[in-house]
Amino acid sequence: NLTSRETLTIAHGMIFGALFLLTFGGGIASLCTLRPEWLTVEGLHERMIRLKIGVTSMALVAWVTVITGTYVLHPWYRAKPPAGTEDLTNYPRSLLLSNPDTADLHKFAMEWKEHVAWTSPILASVAAFIVLYYGNQLIVDRRLRWTAIGFFVLAFSAAGVAGAMGALIARAAPLQ
């Protein structure tokens, strides 16, 4: 049986992470193929609707992921063990810091992850804003479309770095 902490950790990393990947895949495909020479007028209209839904969904999923990580999981990760506690299994930060071989996972990976993770929803929101605000102009303005793609890819990259570091940390000191 999974504990509530394990369930929330799985939701944070695996469910929200999978949704983030799916929305990124759909959004990037829609952005990259949003060209008037490739599609009919009806196709462009349908693509814009899908694009708006996709990038907005990606931004929302990114916000849900980083907020649950910061305000639900992170306090459990940083919990201080009571004085005299020898079994640090339920105190991931202390467990990592107690071993010189894993201390860098906290000192570098977690500290960096805490900051880089917040850039993902911010960048995804910028990409969503560009798509929602400029809409059909993305079809004819190549530079604007590439700007949206750039922010979209940067958001995905930041989430990838944070996710990879989170997976390394969870493997060494899982929330139980």
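Mentor: Let us begin with E114, which is in contact with H74 and R78 once its neighbours within four places in sequence are left aside. Contact here means heavy atoms within 4.5 Å. The model is a predicted one, in which local features need pLDDT of at least 70 and side-chain atom pairs count only at pLDDT 80 or more, while totals for chains, interfaces and linings use all residues. Residues are numbered from 1 along each chain as its sequence is written, and side-chain values use heavy atoms, with hydrogens and water left out.

Trainee: What is the mean pLDDT of the protein?

Mentor: The mean pLDDT is 91, and 100% of the residues reach 70 or more. The term pLDDT denotes the predictor's confidence in each residue, from 0 to 100. Helices (H or I, at least four residues) and strands (E, at least two) are DSSP runs, numbered from the N terminus.

Trainee: Why does E114 count as buried?

Mentor: Buried means under 20% relative accessible area, exposed over 50%, and partly exposed in between (1.4 Å probe, protein chains only). E114, placed in helix 4, has a relative accessibility of 19% and therefore counts as buried.

Trainee: Which residues are joined with R78 into one network?

Mentor: Salt bridges that share partners join R78, E111 and E114. R78 and E111 meet at 2.8 Å, N to O. That pair ties together helix 2, where R78 lies, and helix 4, where E111 lies, across 33 residues in sequence. R78 has 28% relative accessibility and therefore counts as partly exposed.

Trainee: How many salt bridges does the structure hold?

Mentor: The structure holds 3. One of them is formed by E46 and R50, whose closest N and O atoms are 2.8 Å apart. Both residues lie in helix 2, 4 residues apart, about one turn of the helix. E46 is partly exposed at 37%, and R50 is partly exposed at 40%.

Trainee: Why is A109 called buried?

Mentor: Its relative accessible area is 5%, under the limit of 20%, so A109 is buried. A109 lies in helix 4 and touches D104, M165 and I169, not counting residues up to four places away in sequence.

Trainee: What makes a set of residues a nonpolar core?

Mentor: The members are buried Ala, Val, Leu, Ile, Met, Phe, Trp, Tyr and Cys residues joined through side-chain atoms within 4.5 Å. The largest such core has 26 residues, and those with the most contacts inside it are L31, L34, L51, M58, L138 and F152. Helix 2 gives the most to this core, with 8 residues. L51 is in contact with G27, S30, L31, L34, V131 and L138, leaving aside neighbours within four places in sequence. A second, separate core of 9 residues includes A109, M165, A173 and L175.

Trainee: How do you know that M14 is exposed?

Mentor: M14, in helix 1, has a relative accessible area of 59%, which is over 50%, and so M14 is exposed. With L2, I10, I15, L19 and L22, M14 makes a nonpolar surface patch of about 610 Å². Patches are made of residues with over 30% relative accessible area and no salt bridge; like charges are joined within 9 Å, and nonpolar side chains (Val, Leu, Ile, Met, Phe, Trp, Tyr) within 5 Å. Accessible areas come from the Shrake-Rupley method with a 1.4 Å probe; for residues, only the protein chains shown count as cover.

Trainee: Is E37 buried or exposed?

Mentor: E37 is placed in the loop between helix 1 and helix 2. At 58% relative accessibility, over the limit of 50%, E37 therefore counts as exposed.

Conventions
Salt bridge = Lys/Arg side-chain N within 4 Å of Asp/Glu carboxyl O.
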